[in-house]
Amino acid sequence: MVRAAHARARCARGGPAMTTTPRFGARARPAGPVRSRELVVVAVDGGFGSVDALDWAAAQAMVCGAELRIVHAFHAPSALDPFALVAATGIEFAAIGTAASVVDDAAARVRYIAPEVAVTTRIMPGSSASAILQEAPPSALVVLGRPVHGSSRGRTVAKVLGRSRGPVAVVSFVGEIEPGPSGGRVVLAYDGERGSETAVDVAFREARRRGIDLTALLLDTAPRQGVRLDRWRQRFPEVAVRDEVVTGPVGQRIVAESHGAALLVLPEAQRPHRPFRRRLRPWARAVVETAASPILLVPDRHS
């Protein structure tokens with residue numbers, strides 16, 4: 001529980017404990033009322049990267065006063081019947097039991113690091129991407145562990161990014177690193193194209209929620225179309241902003257600013273019918289794979 005203790009240190013203590021009943025198709029009931037209708041959905045697979053995603057999702061749910069839904073997909077030798085109309089085999093029961101243990105452990109970890117967060121759990125047969133897309137409504141924040149190149153988690157991230165209609169966070173903690181110029185801050189990278197305004201709004205809100213400063217990087221990669229920070233400065237006077245125009249290799253600069261940052265916010269086009277790589281801005285692809293902070297990909301709410 002060493003990593004859990006470190007994660008707990010990042011979250012506020014206190015609040016009622018949550019009870020969970022992580023069974024197939026079941027929903028856990030919180031011991032206290034959910035404070036808002038916001039929902040954070042996190043995928044867990046028992047791997048190291050998904051623990052980072054779970055810790056970050058728990059902290060985000062606590063900051064937002066949101067419900068946290070833990071989703072785990074599993075594979076069985078044959079299709080499972082969610083309504084128990086067909087008797088399951090011993091092998092299928094074993095698969096369900098193993099999956100239940102994964103979400104049991106995840107829920108217990110959340111209760112330890114953020115006890116005031118209301119937790120629900122889902123276990124579903126099939127692929128992780130399908131389970132996440134089914135359980136996350138368009139308004140939900142989806143949280144995924146950052147994939148290792150060529151891993152199945154990479155395919156999950158690609159599919160979710162290609163089909164999800166809401167914001168998606170990709171999380172991995174890189175251990176002890178030397179903080180960059182924006183250590184402890186929210187970093188926003190935007191290029192003035194359509195969809196940037198939504199990301200700007202989210203970045204200011206996340207900085208205010210956390211009580212920290214904001215670094216805004218305007219990327220000189222395309223003709224700017226009037227996206228200025230003046231109105232956000234007026235709406236969020238409590239957020240101190242350092243802004244500048246970035247030229248040259250913008251990806252390297254964004255990654256450098258992400259070292260030690262609390263969050264990196266990137267805009268992306270809301271095009272669920274197009275493949276993964278067409279959804280991200282061209283300059284954002286390498287950033288998602290190499291940034292040294294949690295990344296929040298924000299779709300254009302107007303597209």
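A residue is called buried when its relative accessible area is under 20%, exposed when over 50%, and partly exposed in between, with a 1.4 Å probe and only protein chains considered. Helices (H or I, at least four residues) and strands (E, at least two) are DSSP runs, numbered from the N terminus.

The model is predicted, so that local features need pLDDT of at least 70 and side-chain atom pairs count only at pLDDT 80 or more, while totals for chains, interfaces and linings use all residues. Residues are numbered from 1 along each chain as its sequence is written, and side-chain values use heavy atoms, leaving out hydrogens and water.

The secondary structure of the protein chain comes to ten helices and ten strands, and 51% of its 303 residues count as buried.

In helix α8, which spans residues 250–258, the buried residues are Val250, Ile254, Val255, Glu257 and Ser258. Seen down the axis of α8, these residues fall within an arc of 160 degrees (taken from the directions from the helix axis to the C-beta atoms), so they line one face of the helix. The elements below are included in what covers them, where contact means heavy atoms within 4.5 Å.

| Covering element | Residues |
|---|---|
| β6 | 186–190 |
| β7 | 214–219 |
| β8 | 241–246 |
| β9 | 263–268 |
| α10 | 284–290 |

After α8 comes Gly260, with a positive phi near 80 degrees.

Strand β9 contains Val265, which counts as buried because its relative accessibility is 0%. Not counting residues up to four places away in sequence, Val265 touches several residues, including Val186, Leu188, Ala203 and Val298. The C-alpha atoms of Val265 and Tyr190 are separated by 8.5 Å, although the two residues are 75 residues apart along the chain.
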